[in-house]
Amino acid sequence: MRPGYSEGTRRMLNDAQEAAGRYRHRFVHTEHLLLGMLRERGSAIGLLKALGVERDRLRRACERQCQKGDHVMEAPLKLTPRVQQILALAGEQREAMGDTRLDTRHVLLGMLLETEGIAGQVLREAGVTVEAVLGAIETGRQAGGGAETDGLHSASKASSGRKPLWKLFSRA
């Protein structure tokens with residue numbers, strides 16, 4: 001694991017590997033990543049709850065999209081290029097927000113920004129949008145006075161002169 005990942009993100013990735021194994025896949029696909037996220041109590045789940053999205057309903061919708069493979073689980077499973085793209089997009093979001101650790105809310109944004117995977121499709125069908133998530137993050141920052149990341153307080157980096165993506169989408 002990368003040292004910049006929060007504990008919640010590490011657990012999510014482990015849970016995603018377990019989900020891929022249950023579905024008898026050699027690779028962790030985007031839907032497995034979403035199932036791993038839905039098992040956690042991290043910041044992404046708090047955002048989904050704030051947006052009125054029911055975790056169990058989302059989990060069932062995702063499971064309907066999962067197809068059974070015919071492989072025996074080999075550890076560790078590799079990530080598909082789409083999952084790698086989600087994590088790269090999540091890293092960009094982390095950087096744009098000035099957070100020091102990549103947490104599940106960044107991964108949630110990465111899922112929504114990656115346009116081809118099942119995870120993003122399931123989220124969008126449930127009415128979750130990048131704009132809504134960014135708005136919920138901003139509301140949480142204003143109400144809570146800081147960035148809470150998977151149960152750990154994240155120290156913010158000094159501004160790099162770029163306007164964070166979440167500010168571009170906020171309506172304030």
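## Terms and model

Helices (H or I, at least four residues) and strands (E, at least two) are DSSP runs, numbered from the N terminus. Axes are lines fitted to C-alpha atoms, for helices over the stretch in contact, and angles run from 0 to 180 degrees between N-to-C directions. Two packed helices are described by the angle between their axes and the distance between the axes.

This is a predicted model, in which local features need pLDDT of at least 70 and side-chain atom pairs count only at pLDDT 80 or more, while totals for chains, interfaces and linings use all residues. Residues are numbered from 1 along each chain as its sequence is written, and side-chain values use heavy atoms, with hydrogens and water left out.

## The whole chain

The protein chain has 9 helices and 4 strands. Read from the N terminus, its elements follow the order α-β-α-α-α-β-α-α-α-α-β-β-α. Of its 172 residues, 47% are buried (under 20% relative accessible area with a 1.4 Å probe, protein chains only).

## Helix α1 against helix α2

Helix α1 (residues 7–22) packs with helix α2 (residues 30–39) at an angle of about 125°, and their axes are 7 Å apart. That makes α1 oblique to α2 (angles under 35 degrees count as roughly parallel, over 145 as roughly antiparallel, 65 to 115 as roughly perpendicular and the rest as oblique). The crossing of α1 past α2 is right-handed; a crossing is right-handed if the near helix is turned clockwise from the far one by less than a right angle, and left-handed if anticlockwise.

Contact means heavy atoms within 4.5 Å. On the α1 side, the residues making this contact include Met 12, Leu 13 and Ala 16, and on the α2 side they include His 32, Leu 33 and Gly 36. By class, the contact of α1 with α2 has 8 nonpolar, 2 polar and 4 charged residues (Ala, Val, Leu, Ile, Met, Phe, Trp, Tyr, Cys and Pro count as nonpolar, Asp, Glu, Lys and Arg as charged, and the others, Gly among them, as polar).

How many of the 10 residues of α2 are buried? The count is 9, so α2 is mostly covered. Among them are Thr 30, Leu 34 and Leu 38.

Helix α4 (residues 55–65) also meets α2: their axes come within 10 Å and cross at roughly 160°. The two helices α2 and α4 are therefore roughly antiparallel to each other.

Technical notes
Buried means under 20% relative accessible area, exposed over 50%, partly exposed in between (1.4 Å probe, protein chains only).
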